[in-house]
Amino acid sequence: MRTGKRAALEKAARGTDESKFPWGNSEPDDTMANYDNLIGDTTPVDNYSKGQSPYGLYDMAGNVYQWVADWYGKDYYKESPADNPQGPKKGSERVVRGGSFLESSESIRLTGRDRYEPNYRSFLDRKSTRLNSSHTDIS
């Protein structure tokens, strides 16, 4: 299994428009995503049908972070191409997207990102991250 790029995850989450969340631009509530520690734990993937992406994917915002293949670069987007930026060529930290069940609504927006070293482990690791792999053709 390979980890997908940030651009693939973003397209899978938002479709072809520029929405803030997979379901559109309205702020989330407890029927759309697991966020802001409302439940206090992760939930099964299909718990939030109102939060599906245009492609029918669940949990693209909240519940668990999603690792992507892109390296993190603090100022990368200031100089990157406007269309389909590929991320820095190298780095020491990988990007995670989508937020987790602990994050606020601001942090689960599709433009939000965080970063961790590839070998990072925490008490949340088995529960709060997943790989973004490319199995579905959304091109």
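I looked up Glu10 and Arg97 in this predicted model and found that both residues are buried. They form a salt bridge, with the closest N and O atoms 3.3 Å apart, and the pair links distant parts of the chain, since Glu10 belongs to helix α1 and Arg97 to strand β2, 87 residues apart.

I then followed Arg14, whose side chain meets that of Glu18 in a salt bridge at 3.7 Å, N to O. Arg14 counts as buried because its relative accessibility is 5%, under the 20% limit, whereas Glu18 is exposed at 67%. Salt bridges that share partners join Glu10, Arg14, Glu18 and Arg97 into one network.

Next I noted the salt bridge between Lys5 and Asp70, in which the closest N and O atoms are 3.9 Å apart; here Lys5 lies in the segment before α1 and Asp70 in strand β1, 65 residues apart. Lys5 is partly exposed at 29% relative accessibility, while Asp70 is buried at 2%. For the model I recorded 8 salt bridges.

β1 pairs with β2 (residues 94-97) in the antiparallel sense over 3 bridges, and the bridge partner of Trp67 in β2 is Val96.

Last, I checked Asn34, which sits in the loop between α1 and β1 and is buried, with a relative accessible area of 0%. A polar atom of the Asn34 side chain lies 2.8 Å from the backbone oxygen of Asp41, and the residues that Asn34 touches include Ile39, Tyr48, Asn63 and Phe101.

Technical notes. Residues are numbered from 1 along each chain as its sequence is written. This is a predicted model: local features need pLDDT of at least 70, side-chain atom pairs count only at pLDDT 80 or more; totals for chains, interfaces and linings use all residues. Side-chain values use heavy atoms; hydrogens and water are left out. Two strands pair if DSSP finds at least two bridges between them. Helices (H or I, at least four residues) and strands (E, at least two) are DSSP runs, numbered from the N terminus. Buried means under 20% relative accessible area, exposed over 50%, partly exposed in between (1.4 Å probe, protein chains only). A polar contact is a pair of N or O atoms within 3.5 Å; within protein, one must be able to donate a hydrogen and the other to accept it, and residues adjacent in sequence count only if both atoms are side-chain atoms. Contact means heavy atoms within 4.5 Å. A salt bridge is a side-chain nitrogen of Lys or Arg within 4 Å of a carboxyl oxygen of Asp or Glu. Lists of a residue's contacts leave out its neighbours within four places in sequence.
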